[in-house]
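I opened my notebook with the sequence on one side and the 3D view on the other. Here is what I looked up, entry by entry.

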Amino acid sequence: MTNWKPTACVLCENNCGIEVKISQNGQKIEKVRGDSKHPASRGYLCQKASQVDHYQNSSDRLLHPLKKIESGEFIKISWEQAIAEIAQKLSQIKQDHGGDTIFYYGGGGQGNHLPGDYASATLAALGAKFRTNSLAQEKTGEGWVSAKMFGAYVQRGDFDNCEVGVFLGKNPWHSHGLQRARQTLREISKDPRRALVVFDPRISETAELADYHIQLKPGTDSWALSALIAIFIEENLIKWDWINKYTINAEETLCQFKQFSIPELCKICGIEQETMTGLAKRLASADSIAWHEDLGVQMNRHSTIVSYLHRILWLITGSFGRQGTQYIANCIKPMLSGNPTIAQRSPVLNAPIISGMVPCNIVAEEILADHPARYRAMIVESANPAHSTADTKKFLKAMGRLDCSIVIDIAMTETAKHADYVLPTTTQYEKAEATFFNFEFPDNYFHLRHPVIEPPNNSEVLDEGEIHARIVEQLNELPIEVSHINERLKKMGKEHFPQILEEAARKNPKINLYAPVVLYRTLGQFLPKGLANSASLWKTAHKVATRSFDSIEKAGIRGEPKDLGGNLFYEFISNPHGLVFSKEEPSSSWARLGVASKKINFLIPELLESLSKLKIGPDQNFPEGYNFILSAGERRAYTANCVIRNKNWRKKDKYGLLKMNDEDAKKLELENGSKVIIKTESGEAIIPIEITDKIQSGHVSLPNGLGMDNKDENGLTSRLGIALNELTNSKHRDFFAGTPQHKFIPTKITPIR
């Protein structure tokens, strides 16, 4: 018997398949290797994945339910007391102020998405309707633009087969975002018939491989893309035959770019017009182009406008719906809605709610407002907004004003430290878990990971399915039919579960309303050991089977229409390495367009006024002495999302040094390792610098994933690096989607002599 078990890395959205060697006591991940049987990553592994035991065995691990007492300290309490008190307090808030004053922040981190399913039952029981998660920090502007143009969320390109690959605000060498990223980048860069294009103010690892590095000034992406579109128009490079066949409103939209001066746009972004013209001609000559945008522009100035300009470039180059171009993946669950409505608004600030998510950066303001509809309670799950949301001080002040706050997590996070109740969960390696970030195409995969490690001895951690089931039960909302379903399952066997569940749902509609916890309390208890937390996927599998019958059959999963959903579910739980569940043709994206005409819409009237304002040029009205632009959240070799709290996992750049151009360092008389005070509108910090020629003069950067307070080997709490959101301000956000401007923060730097 081997101690190697299949699972996945949890440090970025790719969730590459890995195999882990478990220690004899079953508590530690000793070694990590790529899983050659994983259908997407196929054995690929980056250096970060080898450190996942630092996540599993965190020094900040929560092992028991905790309650904050009047002194501000936490005491250990039983699950029975925790669930009873939480249910009572939330019920009272619902009775006094309405369920819509109970806010939910979370729904799952990287690779940890099933909590969002189970939380939906708790929120339904409480009548809560306002929520958010990290997608509203990054992707909602892009998602809304995509919905307006395509009626679906279109984000990815076919980089395996493209002639030209374009990355906008993206360094996939470290942040990935496509499977086997480094291998794919090398393949494109080494092929003389192909080309790699990177828009980035820095000379990133990806930019070093690029044929065209558009090293624009920080925060000028909207001007650069507008210049490129205007050049396409002036040079008559647009694929009009393709546009006339597949799109609508193109001429009305493209005439908007005649108002711009191409030389002026190029001057603003700091790129020679000849360089942009050469790039335009290379793009126009390509048979296929794959595009990808990410946080470098989505957390920057004009992020929603940039997503719009980006997609216009797709269309004028014919980059959709065929091999090597953009596609609409057959995801298990769409990451963002294809419905562009913004009719729903936040209760206090009337901000647009995109794809069901309140902008993260207004949550604190809505709590602190003197308004009858303000949020009065908050459930935070698999998230750490006190560390990840702009303006930490404001968020912590807001938490202090809540009548009740609950954190559900594996570690004592910065948010948990300020909560009233902290509920400990199993890690991603101790339970059945999955991700809905499955964007591959035309063959798409899904990976339901099995538990590979037992929870710590004498701990009281629970899966999220169990936690939410207990809350719903305590609220007296779990349908009474659950016990009848289980009695019949014992007598008839789980092969009769579809029939038994359907009959129960006909009698009581609450079966569907609380479906995730109903499935957990019924089917989950009859699944193989350790897989109960996967029960909510039953409903998901049936939805996928209904909409994608042919694609699933092409992947080799058979069954009559009424049986295919159940068959798909059992395929999920029977393949611990993951499986390809959908096979399609490259052209199938056309059928997935959500627009009634089945033609892509160029025109978004709501953005035209903001587009026109680009003629004015960028706002340079910074406070005196603020001569630098800080990009906060750079991905580096040993930074990842914040689930790894232990500083010892970092093999390089442990302190997260401030990167500074060599000319700027010389002017300030600084050397490598010199300490400076970095000051922004919201705060200041002391940090050593790293001098580099890979960043422009006037531009500095700090990495993501640092600045957390955690215990060391001696039990002493310490912090390594800067908590970036102590330097950010929540009011600096996109005018439409509310996403933060973390990549463009005016900054003052003072040497410490």
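How many disulfides does a search of the whole structure find? I found zero disulfides, where a disulfide is a pair of cysteine sulfur atoms within 2.5 Å.

**Ground rules**

I noted that this is a predicted model, where local features need pLDDT of at least 70 and side-chain atom pairs count only at pLDDT 80 or more, while totals for chains, interfaces and linings use all residues. Residues are numbered from 1 along each chain as its sequence is written, and side-chain values use heavy atoms, with hydrogens and water left out.

**Cysteines**

I looked at C46 next. Its sulfur is 6.2 Å from the closest cysteine sulfur, which belongs to C9, and that is too far for a bond. C46 is buried, with a relative accessible area of 15%. C255 is partly exposed, at a relative accessible area of 38%. For my own reference: buried means under 20% relative accessible area, exposed over 50%, and partly exposed in between (1.4 Å probe, protein chains only).

**The open sheet**

I followed an open sheet of seven strands, in the order β5-β4-β15-β14-β13-β6-β7, with mixed pairing. Strands β5 (74-76) and β7 (130-132) stand at the edges with a single partner strand each, so one side of each has no neighbour in the sheet. Neighbouring strands here are turned by 20 degrees against each other on average, direction ignored. I wrote down two definitions. Helices (H or I, at least four residues) and strands (E, at least two) are DSSP runs, numbered from the N terminus. Two strands pair if DSSP finds at least two bridges between them.

One pair I checked was β4 (residues 66-68) with β15 (residues 421-424), which is antiparallel and has two bridges. K67 has Y421 in β15 as its bridge partner.

**Helices on the sheet**

Which strands does helix α2 lie across? I found that α2 (residues 79-97) lies across β4, β6 (102-106), β13 (377-381), β14 (404-409) and β15, and runs at about 130 degrees to β15. Helix α3 (residues 114-126) packs on the sheet too, touching β6 and β13, and its direction makes about 180 degrees with that of β6. Axes are lines fitted to C-alpha atoms, for helices over the stretch in contact, and angles run from 0 to 180 degrees between N-to-C directions.

I then compared α3 with helix α19 (residues 464-474): their axes come within 9 Å and cross at roughly 0 degrees. That makes α3 roughly parallel to α19, a label for angles under 35 degrees. P115, Y118, A119, A121 and T122 in α3 meet E464, G465, H468, I471 and V472 in α19.

**S382**

I found S382 in the loop between β13 and α17 (385-388). Not counting residues up to four places away in sequence, S382 touches G108, G109, N112, P115, I408, D409 and E464; contact means heavy atoms within 4.5 Å. The side chains of S382 and N112 make a polar contact (2.9 Å). A polar contact is a pair of N or O atoms within 3.5 Å; within protein, one must be able to donate a hydrogen and the other to accept it, and residues adjacent in sequence count only if both atoms are side-chain atoms.

**S146**

Is S146 buried or exposed? It is buried, with a relative accessible area of 0%. S146 lies in helix α5 (residues 140-150). A polar atom of the S146 side chain lies 2.9 Å from the backbone oxygen of A152 and 2.8 Å from the backbone nitrogen of V154.

**Strand β12**

I saw that five of the five residues of β12 (residues 289-293) are buried. In a regular strand the side chains alternate between the two faces of the sheet. In β12, I289, W291 and E293 are on one side and A290 and H292 on the other, and both faces are covered. Strand β8 (residues 164-168) pairs with β12 in the parallel sense over five bridges, and F167 has H292 as its bridge partner.

**The barrel**

My last entry is a closed barrel of six strands, β19-β23-β20-β22-β21-β26, with mixed pairing. The twist averages 45 degrees from one strand to the next. Four bridges join the antiparallel strands β21 (residues 675-679) and β26 (residues 745-751), and V676 has P751 in β26 as its bridge partner.

Definitions and conventions. Parallel < 35°, antiparallel > 145°, perpendicular 65-115°, else oblique.
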